[in-house]
Amino acid sequence: MIGPRRIIMALAFPLALSGCVTGDDYSRNEAGFISVANKTASVEAKETVWIQNQNQARSAGAQVKSLLARTKPLDVETAVQIALLNNKGLQAAYADLGYRAADAWQSTMFINPTVSFGTTGIGTPELQAFKTIEGMITTNILALATKSRDVAIADTRFRQAQLTAAVRTLQVAADTRRAWIGAVAAWENVGQLQRAQATADAASELAAKLGETGAMTKGAQAREQVFVAEIAGETAKARLAARLAKEELTRLMGLWGSELDYQVPNSLPPLPKSVAKRDTIEAEALRNRIDLQVAKLELEATARSYGLTEATRYVTDLEILTGFETEREIEDDEKKTRTTPQVELEFAIPIFDTGKARMRKAEVAYMRAANLLAEKAVNVRSEARSAYEAYRSNYDIARHYRNNVVPLRAKVEEESLLTYNGMITNTFELLTDTRDKINSILLSVNAKRDFWLAEANLAPAIYGGGATNASAETEVAAASGSGGGGGH
């Protein structure tokens, strides 16, 4: 007869195989976030937080209110900092990181064994003299054999999630920076149109007085009035565009309620004296682009999955069953008990599915990841070149409008006004010159806006967090010609 000690050893055999793997790196509440914060701080020099409780939420809210109260009007760096503290979509991205950390933590744990007990001879009179008790523990041996590979794959996915969260952080910062530039430029356009409207109103009043004296025909008066009406319509459109642009900034900063009472400046900063030289921007992008690192980890994870599939090609489910069987018999009023240990091995025979299809799927998945990585590297180079080209060209365009077009239009209007006062030119010519000057000023403001947007797109081109819609938004805004002024 086998003693109780040997029975316990038989039951514990599968548990002994499992060993002990720690998941401390993944079990912390902020697992992986320190890496995200450090990586993004090196690019944006801003603080970001992962809010997971009420105390942290209150602290971040108080910091946002302090930033809003301290900075009036709101500058671009403060707007970016508020977005990094208060954007709820960013918090959702950090929650995804926590989800991946929990996945990796779970991968360090072994599959729980299945325990089963059974008996015969209960409640049956003819079997009272004969009873059997069975106990079994089922453990997946294949899971034990591939444990290290499973953990490695989960760790790769966790590191990938860290980089993805960093990319999302940089994207929020870049989007906020572009939204601030768009809102300020929109209000600067409003300011320019308001000044033009004041001039048009004065000219309209003068035309009305001249009409009363008979010095101006009704047709000339109508030209003055329609000019005023058109300027009023353009101003209304520009003010609407400015309000909508500010709303976009508000959404990115996650503001609502009383927090909406903030102002942006009246105009964008002037153009810098010179542009930065980035002759090695392609190499910088290849070295620093976080989304390229994500693609590399995707290839690594796919390669590890391919190796796991290869290791389990033929045997996909291998289980060991250990336990005991105790038989009790009563013969001649004497109880006899015999206990027998049991060990069983269960696995699927690869008769129909030999694993070729799974191997092919894994192979194709690896090829797909490799080609996507190669494509990403090509695109990163191109995006870096495009960003720098846009930066240099938009600077030259904005400087051309500032130094040449606007001064010439102002000179033309000035001369036209002198000849008008001298009765040399008529009202219609003066109005045409004034309208052309207004359009040139608005084009100059938009060109300056395009430069600052291109400057804001340099960092995403080098580090990630890209400007997927920035170019389209710039073109639409430039075509509309409407923008804004400040203190709104």
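1. The largest nonpolar core has 82 residues. Such a core is a set of buried Ala, Val, Leu, Ile, Met, Phe, Trp, Tyr and Cys residues joined through side-chain atoms within 4.5 Å. Ile82, Trp180, Leu249, Met253, Tyr262 and Phe451 touch the most other members. Helix 8 (residues 147-213) supplies the largest share, 21 residues. A second, separate core has 5 residues, among them Leu292, Ala295, Ala369 and Leu373.

2. A word on the source. This is a predicted model: local features need pLDDT of at least 70, side-chain atom pairs count only at pLDDT 80 or more, and totals for chains, interfaces and linings use all residues. Residues are numbered from 1 along each chain as its sequence is written, and side-chain values use heavy atoms, with hydrogens and water left out.

3. The protein chain has 15 helices and 4 strands. These are DSSP runs numbered from the N terminus: helices are H or I, at least four residues, and strands are E, at least two. Buried residues make up 41% of the 488 residues. Buried means under 20% relative accessible area, exposed over 50%, partly exposed in between (1.4 Å probe, protein chains only).

4. The protein chain exposes about 26,600 Å². Carbon and sulfur atoms supply 55% of that area. Areas come from the Shrake-Rupley method with a 1.4 Å probe; for residues, only the protein chains shown count as cover.

5. Among contacts (heavy atoms within 4.5 Å) with a separation of 6 or more, 82% join residues 24 or more positions apart.

6. Helix 5 (residues 76-86) has 10 of its 11 residues buried, so it is largely enclosed by the rest of the structure. Among the buried ones are Val76, Gln81, Ile82 and Asn86. Asp75 caps the N-terminal end of helix 5. A side-chain oxygen of Asp75 lies 3.1 Å from the backbone nitrogen of Glu77.

7. Which residues does Ile82 contact, leaving aside its neighbours within four places in sequence? They are Val64, Leu67, Leu68, Leu74, Asn87, Met253 and Leu255.

8. Helix 10 (residues 281-288) buries Ile281, Glu284 and Ala285. Seen down the helix axis, the buried residues fall within an arc of 100° (directions from the axis to the C-beta atoms), so they line one face of helix 10.

9. Arg435 is found in helix 13 (residues 427-456). Arg435 is partly exposed, at 29% relative accessible area. Not counting residues up to four places away in sequence, Arg435 touches Phe227 and Glu230. Arg435 and Glu413 are 22 residues apart in sequence and 9.3 Å apart in space, C-alpha to C-alpha.

Notes
Polar contact = N/O pair within 3.5 Å; in protein donor to acceptor, adjacent residues only side chain to side chain.
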